[in-house]
Amino acid sequence: MGYGYIIIAGAIMLLSWMVSSKLKSKFELYSKLQLRNGMSGAEIAEKMLADNGIRDVRVISTPGQLTDHYNPSDKTVNLSEAVYSHRSAAAAAVAAHECGHAVQHSIGYEWLTMRSKLVPIVSVASNYMQWILLAGILMIRTFPQLLLIGIIIFAATTLFSIITLPVEYDASNRALAWLENKHMLTQDEQAGAKDALKWAARTYVVAALGSIATLLYYISIYSGSRRN
């Protein structure tokens, strides 16, 4: 199983690198596709929020690249500098996607609610999980229960990554539907936005697969120790 896991982990790492590289190239490509309507990412976001009757969410700029996110705790759509002020198909796609999360929050979308409940657990778990798992493997013969505790904690983070998938795909679908129904983009711009969001979603798929594979690896170690 050790060699098998190394091969699987290596394959997932390679796949992750390929998807991330593809995502970066796609966003660079569609960042050059300027919107005919001349709207910035911030303006796109504000209009989508207004069209969905959301008045209590602010659109703000945040430093960094691909740091865009929706914060349900303070109800802010945080757009990276390249998205906030740019007027491209990529900026429109990202801005609308993050507003898709705001729409989810406003209607109580069940998958987003589930993920939000896991955030505090995952946040605490991430600080101690690797140390517990490492100690559990080293002490597998004398204290196997420690590894089991680590597996349970890691399972919570894996569940979080799985729940993230429908949340992200739904946000993208809401974004693309709004962009199309409101005729915000030309046909070429809409196709670019769809392609960019497709590759963004695939990064979450790869992350979930990696988490599942790692969880199964730790479970196999624990199961093997029980048999011995």
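This is a short chat about a predicted model of one protein chain.

Visitor: What sort of model is it, and how are residues numbered?
Guide: It is predicted, so local features need pLDDT of at least 70 and side-chain atom pairs count only at pLDDT 80 or more, while totals for chains, interfaces and linings use all residues. Residues are numbered from 1 along each chain as its sequence is written, and side-chain values use heavy atoms, with hydrogens and water left out.

Visitor: How many helices and strands are there?
Guide: The protein chain has seven helices and three strands, in the order α-α-β-β-β-α-α-α-α-α. These are DSSP runs, with helices (H or I) of at least four residues and strands (E) of at least two, numbered from the N terminus.

Visitor: How much of the chain is buried?
Guide: Of its 228 residues, 44% are buried, meaning under 20% relative accessible area with a 1.4 Å probe, protein chains only.

Visitor: Switching topic, where is aspartate 68?
Guide: Aspartate 68 lies in the loop between β1 (58-62) and β2 (69-71).

Visitor: What does the side chain of aspartate 68 reach?
Guide: The backbone nitrogen of serine 80, at 2.6 Å.

Visitor: Which residues does aspartate 68 touch?
Guide: Leaving out residues up to four places away in sequence, aspartate 68 touches Asn78, Leu79, Ser80, Val83, Val94 and Glu98, where contact means heavy atoms within 4.5 Å.

Methods:
A polar contact is a pair of N or O atoms within 3.5 Å; within protein, one must be able to donate a hydrogen and the other to accept it, and residues adjacent in sequence count only if both atoms are side-chain atoms. Buried means under 20% relative accessible area, exposed over 50%, partly exposed in between (1.4 Å probe, protein chains only).
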